[in-house]
Amino acid sequence: MDKFRMIFQFLQSNQESFMNGICGIMALASAQMYSAFDFNCPCLPGYNAAYSAGILLAPPLVLFLLGLVMNNNVSMLAEEWKRPPGRRAKDPAVLRYMFCSMAQRALIAPVIWVAVTLLDGKCFLCAFCTAVPVTVLGNGSLAPGLPPPELARLLARVPCPEIYDGDWLLAREVAVRYLRCISQALGWSFVLLTTLLAFIVRSVRPCFTQAAFLKSKYWSHYIDIERKLFDETCTEHARAFAKVCIQQFFEAMNHDLELGHAHGALAATPASSAVPATTKGAEEEKEKLRGITDQGTMNRLLTSWHKCKPPLRLGQEKPLMGNGWAAGGPRLPRKEVATYVSKV
C-alpha cells in the first residue's frame with residue numbers, strides 16, 4: 001500500500017507531466033487502432049459517403065471525450081463554472097484558460113486519427129470515388145452514354161477490387177492513385193495547419209497577452225491547489241472525527257463493563273487503567289476537529305464552502321465587491337479615541 005500511495009502522490013505532484021503522457025499514449029493508441037481497424041467500404045452510391053464520414057469523425061469525437069474524461073480538471077472546471085458567486089466573483093478568463101488547457105491535450109489523439117486517416121487514403125477513396133472525372137482519366141467517349149445512376153453505381157465499386165467491373169470505362173488503379181494523391185495532400189496540409197495553429201497558441205499568443213495569460217494561469221493553479229488542500233483538510237477531519245467516535249464508543253462500552261463487573265476486581269482494573277490513555281488520545285484527536293464535532297455543523301460548513309467561498313484577500317472580514325474592494329470601499333486607518341469619565 002505504501003508503494004501505491006507514493007506513486008499516487010507522485011502523479012498528483014506531477015499532474016501536468018502525467019496528463020501529457022496520457023495524451024501521448026492515447027495518440028499512439030489511436031494510430032494503432034486505425035492500423036488494426038478493418039476498413040470495409042460498402043461500395044454503394046448512397047452509403048459510401050456516410051460510412052466514410054462516420055469513420056473520419058466518430059472515432060475522433062470519442063477520443064476527444066475520453067481525453068476530457070481522463071483529465072482530473074474537468075470536475076474542477078464544472079464545479080467552478082456552476083458554483084454560486086457568493087463572496088468570490090467568477091472570472092471567465094480563468095474558466096477559458098482551464099478549458100483551453102484541457103482541450104489542447106484532449107485534441108491530440110483526434111488530430112492523429114484524422115491525419116492518419118487522410119494519409120492512408122482509404123476513407124477518402126471510399127467517400128469520393130463517385131466524383132472521379134471519368135472524361136479526364138478514363139474513356140470519355142463512353143461516359144456520356146451511361147445514365148447517371150448507372151455511372152454512380154459503377155464508380156462506387158472502385159474501392160472494392162473484387163466486384164469492380166468498369167475497367168472498360170475507367171482503370172481502377174488510375175482512380176485509386178488519383179484519389180489517394182488528393183487525400184495525402186489534404187492529410188499533409190492538415191498536419192501543417194494544426195502544427196502552425198499549435199505553435200501560435202502555445203508560443204505567439206502569450207507574447208501579445210502576457211499579463212492576462214499570467215493572471216489566468218496563476219488563478220487556475222490557485223483553484224487547483226485550493227481544491228486539493230480542501231480535500232486533504234476534509235480527509236484529515238473525517239479521519240479524526242471517525243477516530244474520536246470510535247474511541248468514545250469503546251469508552252462507553254468500557255464504562256458499561258465496569259458497571260456490570262463492579263464486583264470483579266480483576267475485570268475492573270485493566271479497564272480503568274486503559275481509560276486515561278484512551279481519553280488522552282481522544283483529546284489529541286479533538287484538537288484536529290477544529291471545533292466541528294457534529295454532523296449538522298459539518299454539513300453547514302460544506303454548504304457554506306460551496307455557496308460562499310471566502311474572498312481572495314487574506315485577512316478580509318467583509319465580502320469583496322465588483323471593484324475588488326470590500327464592502328464600503330478601501331479600509332481606512334482606524335482612529336483610536338480615548339474617553340475619560342470622571343466620577344464626582
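Which residues in α3 meet which residues in α5? In this predicted model, the α3 side of the contact consists of Leu63, Phe64, Gly67 and Leu68. The α5 side consists of Met102, Ala103 and Ala106. By class, six of these residues are nonpolar, one is polar and none is charged.

The geometry of this pair was then examined. Helix α3 covers residues 48-69, and helix α5 covers residues 92-106. Their axes come within 8 Å and cross at roughly 130°. An angle over 145 degrees would count as roughly antiparallel. The two helices are therefore oblique to each other. The crossing of α3 past α5 is right-handed.

Helix α5 also contacts helix α4, which spans residues 73-82. Here the axes come within 10 Å, and the crossing angle is roughly 160°. That angle makes α4 roughly antiparallel to α5. In this case the crossing is left-handed. From α4, the contact draws on Asn73, Val74, Met76, Leu77, Glu80 and Trp81. From α5, Leu95, Met98, Phe99 and Met102 take part. The class count for α4 with α5 is eight nonpolar, one polar and one charged.

Gln104, Arg105 and Ala106 of α5 meet Ile108, Ala109 and Pro110 of α6. Four of the residues in this contact are nonpolar, one is polar and one is charged.

Record annotations were compared with the model. An unreviewed UniProt entry lists residues 21-37, 49-72 and 182-201 under "transmembrane region". In the model, residues 49-72 are 88% helix and 0% strand. The end C-alpha atoms of that span lie 37 Å apart. Residues 182-201 are 100% helix and 0% strand. For this span, the end C-alpha atoms are 28 Å apart.

The structure holds seven aromatic pairs. One of them, Phe230 with Trp305, is stacked. Elsewhere, Tyr218, Trp219 and Tyr222 form one aromatic cluster.

Technical notes: Residues numbered from 1 in each chain as written. Predicted model: local features only at pLDDT ≥ 70, side-chain atom pairs only at ≥ 80, totals over all residues. Heavy atoms only, no water. Axes fitted to C-alpha atoms, helices over the stretch in contact; angles between N-to-C directions. Helix = DSSP H or I, 4+ residues; strand = E, 2+ residues; numbered from the N terminus. Parallel < 35°, antiparallel > 145°, perpendicular 65-115°, else oblique. Left-handed = near helix turned anticlockwise from the far one by under 90°. Contact = heavy atoms within 4.5 Å. Nonpolar A, V, L, I, M, F, W, Y, C, P; charged D, E, K, R; others polar. UniProt positions renumbered as here; feature names shortened; annotations may be inferred. Phe/Tyr/Trp six-rings, centres within 6.5 Å; stacked < 30°, edge-to-face > 60°.
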